[in-house]
Amino acid sequence: MWLATVMPVDDSRRVSTALGALFGLAAMGSASAAVALPDIGRHFDVGIGAATWTISLYALLLAVTTAVYGRVSDLVGVRGPLLVGIGLMAGGAVLAALAPTYGVLLVGRAFQGAGAAAVPTLGVTLLSARYDGGVRDLALGRLAGASAVLASMGPLLGGLAEAAFGWRAVLLLPALGVLVVPFIWHTLTGEGSGADLDIIGAVLVATTAAGLVLLIQSPATGAIVAAIGLVLMLVGVPLVWGQVRRRPDGFLPVAVIRNSVVVRSAAAAAAVPAAWFGMLIAVPAVLVADGWEPWQVGLLLLPSAGVALVIPRVTGPLLTRVGASRALAISATSASVALLVCAVGAVWDQPVVLAVSVLGVTFAFLLGQPAMSAAVGSAVDGSVRGVALGVATLVFMTGGSVGSAVVGGIGAALTIGASLALLALLPLAGVAVLSPLLRRPDPVAVGATEAVTD
């Protein structure tokens, strides 16, 4: 009995850390590339607003394909979709690194983002299905912690790679994800329901999400992009709704999108990656404009990696104690404060203040991502857990593309400080959306309390 109790905990540590490393390498696709944006812009003779598409397009494809992987994993198991995703991530990184034109680079980044989307969705799905209760919460915390450590080191690693080998080497870093596969192979399963995938629903959701990001990015890219984004949204929203009514068990199952916990938790959590990706654009842009080298920017942000290493020891128990909804509220509030601090640092041109703001958003991310996963995973039936986590992660990572679009688009039209201050309103709106859940008992906290009592 003692061995049966201890072994899953040991297994959860190994598995969650390995998946977190893979997640971190996927996140490095944005964190490391951010410091190379000025060099990329100069090489292809494009402005910083246009160069931001290197991040925004990656985040967009990362967002819109997450739910696809979640649904496919419900149907065919985790193994195949995850391996396909890792392959696309590595292949896209190689294509972007070798790109002869800016257009080819964006295509490579799109493939890379579409592949990287498999990692957060399927990693969380695997942990949620494999572990329960406090073990699951600790595993999710370790995954977020390991990923945040690598993501936080992304600017420094990217800066060092850029200094030694040029910007192309920076875009190649996420291809290292293939080296993690042997460490997680034993956990992957190929079992699913065998049902059909709603391809039409997937395409409509992806198109509508793309319209939102295009619309937000348009201040830096022009009226044509704004018009395309607006049309995609106006056409896409009613078509998505119609497809849901025709296929209630399709790409967006009614049982998932009518679940208030899933919808509210995902909407509130989306503000956290919005803050993260917004700062990834803002901080290097401010410092490089002041004459900093990319590796110096990475060195300034390195303390966030140390914070990411120790914070899961706090966020895991905090999530178990206060419950997922309250943890999300704390996370969103922290993200808003961090954005305001970053705005002050950008306006006053204070590097130390900028570094402190990144510490704040690191805490917010490390609490918000596992809190959302715990809330969604405990609110749905196991048969739709994969797609529920996929839909939630879609909303979550769409927030990331919105954050980079706000800073890259509105920041180009106004100032970076103003765009950060405007973005700080989004987490507060998330807390308002979450407020009905804060007035009811949280199943995650209740379950943890019962486990301790037993």
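Me: With which residues is serine 357 in contact, leaving aside its neighbours within four places in sequence?

Reply: This is a predicted model, in which local features need pLDDT of at least 70, side-chain atom pairs count only at pLDDT 80 or more, and totals for chains, interfaces and linings use all residues. Contact means heavy atoms within 4.5 Å. With neighbours within four places in sequence set aside, serine 357 is in contact with Met279, Ala338, Val341 and Cys342.

Me: In which helix is serine 357 placed, and is serine 357 buried or exposed?

Reply: Helices are DSSP runs (H or I, at least four residues), as strands are (E, at least two), numbered from the N terminus. On that basis serine 357 belongs to helix H21, which covers residues 351-379. Buried means under 20% relative accessible area and exposed over 50%, with partly exposed in between (1.4 Å probe, protein chains only). The relative accessible area of serine 357 is 1%, so the residue in helix H21 is buried.

Me: How many aromatic pairs are there?

Reply: Rings of Phe, Tyr and Trp (its six-membered ring) pair if their centres lie within 6.5 Å; planes under 30 degrees apart count as stacked, over 60 as edge-to-face and the rest as tilted. By this rule the number of aromatic pairs is four.

Me: Why does the pair of phenylalanine 44 and tyrosine 102 count as tilted?

Reply: The ring centres of phenylalanine 44 and tyrosine 102 are 5.7 Å apart. The pair joins distant parts of the chain, as phenylalanine 44 is in helix H2 (residues 37-44) and tyrosine 102 is in helix H7 (residues 102-116), 58 residues apart. Both phenylalanine 44 and tyrosine 102 are buried. The pair is tilted because the angle between the ring planes is 45°.

Me: Which geometry does the pair of phenylalanine 44 and tryptophan 167 have, and how many residues apart in sequence are the parts that this pair ties together?

Reply: Phenylalanine 44 and tryptophan 167 are 5.5 Å apart, centre to centre, with 65° between the planes, and the pair is edge-to-face. Both phenylalanine 44 and tryptophan 167 are buried. Since phenylalanine 44 lies in helix H2 and tryptophan 167 in helix H10 (residues 167-172), the pair ties together parts whose separation in sequence is 123 residues.

Me: Why is H2 largely enclosed by the rest of the structure, and which of its residues are buried?

Reply: H2 is largely enclosed by the rest of the structure because six of its eight residues are buried. The buried residues of H2 are Leu37, Pro38, Asp39, Ile40, Gly41 and Phe44.

Me: Which residue with a positive phi follows H2, and is this residue buried or exposed?

Reply: H2 is followed by aspartate 45, which lies in the loop between H2 and helix H3 (48-51). Aspartate 45 is not a glycine, yet its phi is positive, about 60°. Most residues other than glycine have a negative phi. The relative accessibility of aspartate 45 is 71%, so aspartate 45 counts as exposed.

Me: What is the phi of aspartate 349?

Reply: Aspartate 349 is placed in the loop between helix H20 (324-348) and H21. At 36% relative accessibility, this aspartate is partly exposed. Aspartate 349 is a residue other than glycine with a positive phi, near 60°.

Me: Which residues does alanine 151 touch, not counting residues up to four places away in sequence?

Reply: Alanine 151 is in helix H9 (residues 133-165) and counts as buried because its relative accessibility is 4%. From C-alpha to C-alpha, alanine 151 is 20 Å from phenylalanine 183, and the two are 32 residues apart in sequence. Not counting residues up to four places away in sequence, alanine 151 touches Gly24, Ala27, Ala31 and Trp276.

Me: How far apart in space are leucine 319 and proline 273, C-alpha to C-alpha?

Reply: Leucine 319 lies in helix H19 (residues 312-322). At 1% relative accessibility, leucine 319 counts as buried. Leucine 319 and proline 273 are 46 residues apart in sequence, and their C-alpha to C-alpha distance is 18 Å.

Note on methods. Residues numbered from 1 in each chain as written. Heavy atoms only, no water.
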